[in-house]
Amino acid sequence: MFGLPITSPPKNASLVYDQPLYSPPKNVATFSNLYTVQRSFALRKGYRHLLDKKTIVRSCVRMRKQTVDKNSQLYKYRHSLAHVMAQAVISYFKDAKLGDVRLGIGPPIDTGFYYDFVLPRALEAEELKEIEQRMKKIIKEKQVFERFVLPPQEAVKFLEERGENYKLELVQEFIEQGEEISFYTNGPFTDMCEGPHVEKTNDIPFKAFKLDSIAGAYWRGDEKNIMMTRIYGLAFETPEELALFERRRKLALERDHRKLGRELELFTISEEVGKGLPLWLPKGTAIRDSLEALARETEFKYGYDRVATPHITQSKLYHMSGHLPYYKESMYPPMVLDDEEYYLKPMNCPHHHMICKSLIRSYRDLPLRLAEYGQVYRFERSGELAGLLRVRGMYMNDAHLYCDESHVREELKKVMEMHKYYYDLFGLSNYWVRLSVHDQNKDKFVDNFDEWDKSVNMLREVLTELAIDFEEIPGEAAFYGPKIDFQVSNVVGREETASTNQLDFTSGPRFQLEYAGADGQTRYPYIIHRAPLGTHERFISFLIEHYGGAFPTWMAPIQARVIPVAPEFFEYADKIRMRLREEGIRAESDLSSDSFSKKIRNGTIQKIPNLLIVGGNERDKEEVTQRRYGQKEQETQGLEAFVAWIKDEIRLRRNSRPVNPLEA
RNA sequence: GCCAACAUAGCUCAGUCGGUAGAGCAGUUGAUUCGUAAUCAACAGGUCGGCGGUUCGAUUCCGCCUGUUGGCUCCA
C-alpha cells in the first residue's frame, strides 16, 4: 500500500483473527457515524456545497451509511424493509390506540436498515417481535410500491396534512435546492423518498431479515434536536447470510477486549477510582512495557529525543496553546491554588513546545524531535466511555517534530514509514487512512485559512507521493491543523482512530518558537504531532481483539510457562524458569498440585504462547518440550537451543501466532 | 450529556407470582503424583449495586442515585 523501501515485515503473520466483521471497501468510511459518512459521501459525489452540518443531513433518499450499490437488489430489499417497518410501527401504535407516530429518516445501512421515529411512548425490546410479525404480514400482502412526484407546494401540503413535521423540514430544504420531490406508496403507507424500491413487498426475502435493536438517535444527528427512537434491522439476501452474520457477530464478541481483559487479568476499572480511569494489572502492564520498549527503540532509530513533563499545568500555558478556548469542555476543571489555576494536561504538545522553546536558536537546531509516552486526562462525557476504547485517563505515544518548512515533507514521509513498520509488525491490514481537514467554521478551527490550505496540500502531496490511499474529510481536523488518521474498527464494528498525525502551523508563532533561518530572518517551525501507537488504552484494546488475547511471544504477559509432568520434576521445571528469567524472559513454572493435563489446560486458556513440558525424558538430557499456543505438534530441544530461539523470537518481535484449533 | 436496557458469590448464570437465595467454574483444606485441554472430596464464599418509598415483611413492586451495555452526539 505504501510502496516504501522499508524494513521487511515479518512474513508468517497469521491473519486468522484479522477477519473483519464487515469489510470496508477501499476509500469508504463504512464504520463512521452517519454524519461523517454523509459528509464523505457528499464529497465523493461532488456535493461540496452540502458540507455544512445543517444542510448535509438529508432524508432517507440522500447520503447514507451504505456501501452496497444503490441499484442492487440488496439495496432495494433493505430500503423497502425500512418502509415496511415504518408501516408496521404505525399500525402497531394505532391499533393500541397509543397515538400518532412521526417519521424521521429510514435509510438502508451496511447490515440492513433502520428507521427513526417519534413514538407516543418508549418501545420495549419484546415488542419488536410483534412488529416483525406485522412486517411479515405486510410482505405477504404483496403491496405494490408506486412512485409519484409532487410539485413543491403540493408536497408541502401533503406532509402538512399528515402532520409529518420532520419530513416537512426536509422538504423545505429540497425545495430550496430545487430538487424533485418524489414519494413512494405501498399499501396504506406513503413516504417521501427517492427510492429505488422493490416492485412489491413480497419480492423481499421473507426469512432474511430480523429486527435487531432499539436505540436513541438525535434528529438529523444534532444533539440540540429531539431524541428519536431508532429501530435497527438486519437484512440480507438469504437466510443463510443472516445466520452467518449473526454467528460471526457472536464469535466476534468472544474477542471483546473487555471480556478478554477480565479473563486474562489485563486491566480492571473500579467504580471507586472512577469510570474511564482503568487500572492496569501486572499482565496488562507487561503488554504496555513491551509496546513502550518498541516505541523507544524505534524512535531512537529515527532520531527522536526523549523528554518528560508533569501531569498538571497552570492555565496560562493553555491560554497560550489555545486549548482553553477550543478544548475547554474536554478538560477536567481547574484546581485553584494560591490564585493560580492548574489543569490536568489533556495533551502533551504545549509542554513539548516549551521544551522546544528552550532549545532552538537557529535552523541548524532543526528538525528537533521530542518524544514522550505521556499521561493525559480528558473529560469525556460519561455516555461516550467504553472499556479501554474511550477513557478519561490515557497514556499517549506522543512526539512532536519541529521543522523548517523545507523539512516538512521529508519528516512526514518518515512518520508514515514508521506507521508502516508498526502496522506490519502487528500484522494489521484492516485499517484505512483519513485526511482530516478543516472547514470554514471559525469557532472550531484557527482563523488562518491560507495556512490551512497550504498545510492540507503538503499532507495531500505526501500521501499521494507515497501512494497511500486516503479519504479526505472536512471538519475533522484538530483546531490547530489538519490530520492524517489511521482508522480501525473494533470487534463490534465501531470505528476509532488508532493513530493520528497532525501538521500544526499554529503553535510555532503562538508559542514564539523563533529561530534564525539561513537568511538570518526570524522563522517559526512547522510542528508534526504524531502518535502512531495512539494511546496504550485504545491501541492495546484493539490489539487484544486483533489477537483474540493470544499475543505473540514478544508482547505476551507470560512468555513461557514450564509444566512438569509430575512433582518429581518440579525442581527441574523451576530451574528452567530461573534460567529463562535470567535472560529477561517473562517465565513461570506451574508447581501447583493440579493434575498435569489440568496444567496444560490452564496454560492454554490463559493463551500463553509457549508451554514447556518437562519430565524424565527432558531432565535427563537437559531438554524441554515446547508446546506452542494453538499448535498440536511439539518440539523437543535442548534448553539452550530453546533459550536462543525464544530470545530471537522476542528480539525480532515475530508475529508468529498459530491458531488454536479449538477456536478455529 | 441524551434515549433505552441491565445490575444476584471473584467469573458465568439460575431463582424468589413479596416471606432475606442456589449451580458450575475459580478459591481454601485434605487425599491423589498423574506425559499433553478439567482427579476426588470437604469447606468457605452474597447487607441479591446504593439510598429512599409502599408493605406486617422488599433481593423481588415504585422512585432517585451509581455503574455497565447498545445506540446518538463527541473523540486518541
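Reader: Is Gly638 buried, exposed or partly exposed?

Author: Buried means under 20% relative accessible area, exposed over 50%, and partly exposed in between, with a 1.4 Å probe and protein chains only. Gly638 has a relative accessible area of 26%, so it is partly exposed. This is a predicted model, in which local features need pLDDT of at least 70 and side-chain atom pairs count only at pLDDT 80 or more, while totals for chains, interfaces and linings use all residues. Residues are numbered from 1 along each chain as its sequence is written, chains are lettered from A and ligands numbered from 1 in the order in which they are written, and side-chain values use heavy atoms, with hydrogens and water left out.

Reader: Where is Gly638 placed, and which residues is Gly638 in contact with, leaving aside neighbours within four places in sequence?

Author: Helices (H or I, at least four residues) and strands (E, at least two) are DSSP runs, numbered from the N terminus. Gly638 belongs to strand 28, residues 635–638. Contact means heavy atoms within 4.5 Å. Beyond its neighbours within four places in sequence, Gly638 is in contact with Glu622 and Glu623. Glu623 is 15 residues from Gly638 in sequence, yet their C-alpha atoms are 4.1 Å apart.

Reader: How does one check the span of helix 7?

Author: The expected span is 1.5 Å times one less than the number of residues. Helix 7 (residues 239–253) has 15 residues and should span 21 Å; its end C-alpha atoms are 21 Å apart, which agrees.

Reader: Which residues of helix 7 are buried, and what do they pack against?

Author: Leu242, Phe245 and Ala252 are buried. Viewed down the axis of helix 7, they fall within an arc of 90° (taken from the directions from the helix axis to the C-beta atoms), so they line one face of the helix. They pack against strand 7 and strand 8. Glu240, Arg247, Lys250 and Leu251, on the other side of helix 7, are exposed.

Reader: Which residues come nearest to RNA strand B?

Author: A residue is near a strand if one of its heavy atoms lies within 4 Å of it. There are 56 residues around RNA strand B, and Tyr218, Arg390, Thr497, Pro567 and Arg601 come nearest. Sugar and phosphate make up 51% of the atoms of RNA strand B that come within 4 Å of the protein. Helix 18 gives the largest share of this surface, six residues.
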